[in-house]
Amino acid sequence: MNQSRIVFDETYFHVNLKGGSTHTELIQVEGTVVAGMIEKLNQIGPQKGQGLPLKCQWFNVTKDNDFKEIEDVTGQFYQPCILDVNTKIMVQVKPILDQEYSGMPVMRETQYLPLDASISEQANKYLEQESFQVQCKLDSIHGIQYEGLQLPVDTLLTFSINTTTLFISTLSIIEEFHDYEIKIIRKTNNQIELINGNAKYHFKLQNNKERDVIYHFVKIIKGKRKVSDGQLYSQIQDYEEQIKQLKIQITQQNDEKHKLKEQQQANLTQQKKLDQQIVQQSNQLKEQQNQDKEKEKLITQLKEKMEKLEGKNQFYLQETKVLKSQLLNLESQNKKLQHEYQELQKVSNQNQDEIREMFYREKVESLRIANEKCNKENQQWQLLNEQLLKEVQDMQDQLKIAQQQRENVQNELNSFKKKYESLQQEIGQQIRERSESNISEPPIAKPEQRDDDFIEEVRRLKSTIQNLESTLKRYKQILYIKLEIQLRIRYAKGNEQQIVQEYYGYAVIIKIKANSLAETITEKDMAIDNQRIINKQLLQKIQELSK
């Protein structure tokens, strides 16, 4: 999510400086967020309740306002040393965040640091003793080497008024220093550097007070050695400074005289200009008086016009009051009409809802009655359908019986054909025998009895066929009735497309069954006609044989 860019400057935080009452007290700088800025700062910086990380630059400020940077110290803590006595410690800070800081560096400073009394007391005590010893650790050596010496190593330093002695017990080394310097390492605590010519010895002491006592002791004893030369030199410097101050005072007095002359000339020129201005102002006053008279005339005319306008204004005010009262009456009437209109709308909405509810009730009631009628008709049609299905099943059973009877009739016809063929064979054989032997024919039984039986059988077959045709017609009628009932039922249910499709399906099935039955009937008729022709021929031959 894109956030608007925040300009992060010194208005977002406060800087507090703690410590600095004496030169041995630790100085600490802290950054805290300004109240009301924590929500904005949380988008770019620390969470609520956390301090701001700061980048610090530390300075010594002398009484002459000279600034000297304390090198290699950039943290939020600084431990002063004896070198910082009679100076102010100033810190210049900037917050360290991901967001770029666009403000000015914030500066804080302490008071002038006084010397800790315990340091001076301890140093004076050692001066009375004229020597003292310090247990310390030698960390490094530059500019000189000792064979077999492994650093760091514990050592013993002995400071006296004349010399300083280094004793390393592990190698039994004793080193004396006469013309040497002591340097305090500010970036770390408890450390000093002893410089003797080109050799530098780096020592780590037990604490910072011990470091400051050593530096103060060495400074005092070195100062006592050069006290006479120093006094002469200081007197000469004082005289030279006095001469410089006198010269400066003389030059300042000459400059003041020159400035006084210039001011007198300037005052004369200003006096002339003032006189000219007075003349101009008197002329301007006369012109202004004339203008004031004309203005008074205009004012009187304006007052008369104002009086007339005030009369008109009062008349207009009365009219506006009347119009306001009429407007208030109209507004009240309008509110009443709006209220009545809203009430009428509510009543009309209620009436419309009631009318709709009555209409829907009547419609639901009519649909319920129609549904009940449809359900009753459906039940009646279902009962009728069941009865018709039973009748159709009975007709199907009768059709199966009629088919069985037809098969029996066919079998009888086939048997009659066989009998007829055997009879023809017997008659032909008799004729051949009679023609060959010319023997008197034995009496042949009359086929009248057989004819009667055959005719009777034919009649029975015809009646059976007629019964089958009537049964087929009745079956067709029942199927048509059943189809019509099903069409009515499904039409009542709304399945018109399915009804039409099934209607054509039933029509095709009925047509196929009717065609098959018609073919069987025609086949039977043709078989009966053929049987009749055969019977006639048989009768003719029997009659010829009987003659």
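**Entry 1: a charged trio**

I started with Glu372 and Arg368, whose side chains meet in a salt bridge at 2.6 Å, N to O. For me a salt bridge means a side-chain nitrogen of Lys or Arg within 4 Å of a carboxyl oxygen of Asp or Glu. This is a predicted model, so I noted that local features need pLDDT of at least 70, that side-chain atom pairs count only at pLDDT 80 or more, and that totals for chains, interfaces and linings use all residues. Residues are numbered from 1 along each chain as its sequence is written, and side-chain values use heavy atoms, with hydrogens and water left out.

Where do Glu372 and Arg368 lie? Both are in helix H4, four residues apart, which is about one turn of the helix. I take helices (H or I, at least four residues) and strands (E, at least two) as DSSP runs, numbered from the N terminus.

Next I looked at Glu365. Its side chain also meets that of Arg368 in a salt bridge, at 2.1 Å, N to O. Glu365 and Arg368 are three residues apart in helix H4 (residues 227–437), so about one helical turn separates them.

Glu365 is partly exposed at 35%. Arg368 is partly exposed at 39%. Glu372 is partly exposed at 37%.

**Entry 2: another salt bridge**

How many salt bridges does the rule give? The count comes to six. One of them joins the side chains of Glu109 and Lys88, at 3.4 Å, N to O. Glu109 lies in strand S7 and Lys88 in strand S6, so this pair ties together parts that are 21 residues apart in sequence. Glu109 is partly exposed, with a relative accessible area of 43%.

I followed S6 and S7 into their sheet. Strands of a sheet pair through backbone hydrogen bonds, either parallel or antiparallel. I count two strands as paired if DSSP finds at least two bridges between them.

What is the strand order here? The sheet is open, has four strands and runs S4-S3-S6-S7, with antiparallel pairing. Strand S4 (67–69) and strand S7 (106–109) stand at the edges. Each has a single partner strand, so one side of each is left without a neighbour in the sheet. Neighbouring strands of this sheet are turned by 30° against each other on average, direction ignored. For such angles, axes are lines fitted to C-alpha atoms (for helices over the stretch in contact), and angles run from 0 to 180 degrees between N-to-C directions.

I then checked the S3 and S6 pair. Eight bridges join strand S3 (residues 54–61) to strand S6 (residues 88–95), and the two run antiparallel. Phe59 has Met90 as its bridge partner in S6.

**Entry 3: the three-strand sheet**

Another open sheet has three strands in the order S1-S2-S5, with antiparallel pairing. Which strands stand at the edges? They are S1 and S5, each with a single partner strand, so one side of each has no neighbour in the sheet.

Strand S1 (residues 13–18) pairs with strand S2 (residues 27–33) over six bridges. I looked up two partners in S2: Val29 for Leu17, and Gly31 for Val15. S2 also pairs with strand S5 (residues 77–78), over two bridges. There, Gln28 has Phe77 as its partner in S5.

His202 lies in strand S14 (residues 199–204). His202 is buried, with a relative accessible area of 15%. What does His202 touch? I counted contact as heavy atoms within 4.5 Å. Leaving out residues up to four places away in sequence, His202 touches Lys137, Leu138, Asp139, Ser140, Ile185, Gln191, Ile192 and Glu193.

Last, I searched for disulfides, meaning pairs of cysteine sulfur atoms within 2.5 Å. The whole structure has zero. I still noted two cysteines. Cys81 is buried at 1% relative accessible area. Cys136 also counts as buried, at 6%.

Definitions and conventions. Buried means under 20% relative accessible area, exposed over 50%, partly exposed in between (1.4 Å probe, protein chains only).
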